[in-house]
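Okay, thanks for coming, everyone. I'd like to talk through some side-chain contacts today, so let me put the thing up on the screen.

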Amino acid sequence: MSGPPAQQSANLADLLERILDKGIVIVGDVRVNLLDIELLTIKLRLLVASVDRAKEMGIDWWEHDPSLSSRARKGDGGDREVEDGADGGLLEENRRLRERLAALEAREGNGAEGDAS
């Protein structure tokens, strides 16, 4: 039993709005066994939600992916402002290693000049 087309589209729009507002998780596992030997397991996790709802849940990977965000692309040179402590530690270690490398290269350059004379 179906209603008039206008009512169906309104119901579909309401359903889509509710899904995007609240979010929906679809979970499934696929296992392939042969004689009780597990050959393959695929775990599927799908979250459908609006961008705002995903951000509320702490999901914002697209903002840090250089292929999706121009803001993340600007930070590829290592000058990106990092809010996360782990990334900040890596950037600091990277900065210190670059300084040591520059100092070693400068010392080696001075040594090479001294050997030539």
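Predicted model: local features only at pLDDT ≥ 70, side-chain atom pairs only at ≥ 80, totals over all residues.

Residues are numbered from 1 along each chain as its sequence is written, and side-chain values use heavy atoms, with hydrogens and water left out.

Let's do charges. Side chains of opposite charge can pair when their charged atoms come close. My cut-off for a salt bridge is a side-chain nitrogen of Lys or Arg within 4 Å of a carboxyl oxygen of Asp or Glu. With that rule, we get six salt bridges.

One of them joins Arg53 to Glu56, at 2.8 Å from N to O. Where do these two sit? By helix I mean a DSSP run of H or I, at least four residues, and strands would be E runs of at least two; both are numbered from the N terminus. Arg53 is partly exposed at 28%, whereas Glu56 is exposed at 60%.

Next stop, helix α4, which covers residues 85–116. Which residue here pairs with Glu92? That's Arg95, with N to O at 2.4 Å. Glu92 and Arg95 are three residues apart, about one helical turn. Arg95 also has a salt bridge to Glu99, again listed at 2.4 Å, N to O. Those two are four residues apart in α4, about one turn of the helix.

How accessible are they? Glu92 is partly exposed at 33%, Arg95 is partly exposed at 38%, and Glu99 is partly exposed at 45%.

Last thing, aromatics. Rings of Phe, Tyr and Trp (the six-membered one for Trp) pair if their centres lie within 6.5 Å; planes under 30 degrees apart are stacked, over 60 edge-to-face, and the rest tilted. That gives one aromatic pair. The rings belong to Trp61 and Trp62, and the pair is edge-to-face because the planes sit at 80°, with centres 5.7 Å apart. Trp61 is exposed at 53%, while Trp62 is partly exposed at 22%.

Okay, over to you.

Methods:
Buried < 20%, exposed > 50% of the residue type's maximum accessible area, 1.4 Å probe, protein only.
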